[in-house]
Amino acid sequence: MLTPKVSVVIPTYNHARYLPYAIESVLNQSYPNLEVFVIDDGSTDGTAQIVKPYIPKINYIYKENGGTPNALNHGLSRATGKYVCWLSADDALIGEKVSKQVSLMESDPSLGFSYTSFVVIDANGNKQYDVNSAYFPNKQVMVTKLMEGCFINGSSVMMRCSALEKIGYFDESLPQAHDYDLWFRFLRHYSCGFLEEPLLAYRWHGENMSKNPIDACILIVQERARRLFPEWL
């Protein structure tokens, strides 16, 4: 199999407790052509010391706090891979995620991005349950269902960098739902792929941003989606 470079961006803010688990989950992937960016969004919990043992296997970048979409965009702008993944600092890749997702993306150039199912773990890393993510091969159905709520786990996503350059990066004006917004923009121009196998461990520890969604951000994204897809919504 061809092994195009894959970039992995890990934005982190005061997640020193979980960050090594995330980093090691990437470094332990068998896929041979990876670059890893840890974007420290102004952490004050000793993150810089925690990452030292992983350098130079990873690229560590410290910046002033600017929020998750800003940290993500810092990483995306530095990515040199054909594909890029975003991994939250409290989550982890499992199985052969990168290899299997590259195979999927390489098999169909029309795919702008793809995502997978996932398992939920607790703060201590203990598995709680599987989540079989929804997926709809028909794009109109996919868009319509996404309007009911975002069922794509951002940390499970792999994006084609050439497609990302066309549609633009995360909207930094959205402190939340910036990923939800990006999926709609991808779907306007590209198809979406899916792997049913759970290839991500999603940590639920009570401090997750998604536990307290900002409804205003969701409403903004949905209104934008209506303008993007007037024929369907």
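Author: Angles under 35 degrees count as roughly parallel, over 145 as roughly antiparallel, 65 to 115 as roughly perpendicular and the rest as oblique. This is a predicted model, where local features need pLDDT of at least 70, side-chain atom pairs count only at pLDDT 80 or more, and totals for chains, interfaces and linings use all residues. Numbering starts from 1 along each chain as its sequence is written, and side-chain values use heavy atoms, with hydrogens and water left out.

Reader: Why are H7 and H8 called roughly parallel to each other?

Author: H7 and helix H8 (residues 215-228) pack at about 10 degrees, axes 9 Å apart. Angles here run from 0 to 180 degrees between N-to-C directions, with axes fitted to C-alpha atoms over the stretch in contact. The angle is under 35 degrees, so H7 and H8 are roughly parallel.

Reader: What makes the contact between them?

Author: On H7, Tyr180, Asp181, Phe184, Arg185 and Arg188; on H8, Ile218, Val221, Gln222, Arg224, Ala225 and Leu228. Contact means heavy atoms within 4.5 Å.

Reader: And why is proline 69 called buried?

Author: Buried means under 20% relative accessible area, exposed over 50%, partly exposed in between (1.4 Å probe, protein chains only). Proline 69 has 3%, so it counts as buried. Proline 69 sits in helix H3 (residues 68-76); helices are DSSP runs of H or I, at least four residues, numbered from the N terminus.

Reader: Which residues does proline 69 contact, leaving aside neighbours within four places in sequence?

Author: Phe170, Asp171, Glu172, Leu174, Pro175 and His178.

Note on methods: Helix = DSSP H or I, 4+ residues; strand = E, 2+ residues; numbered from the N terminus.
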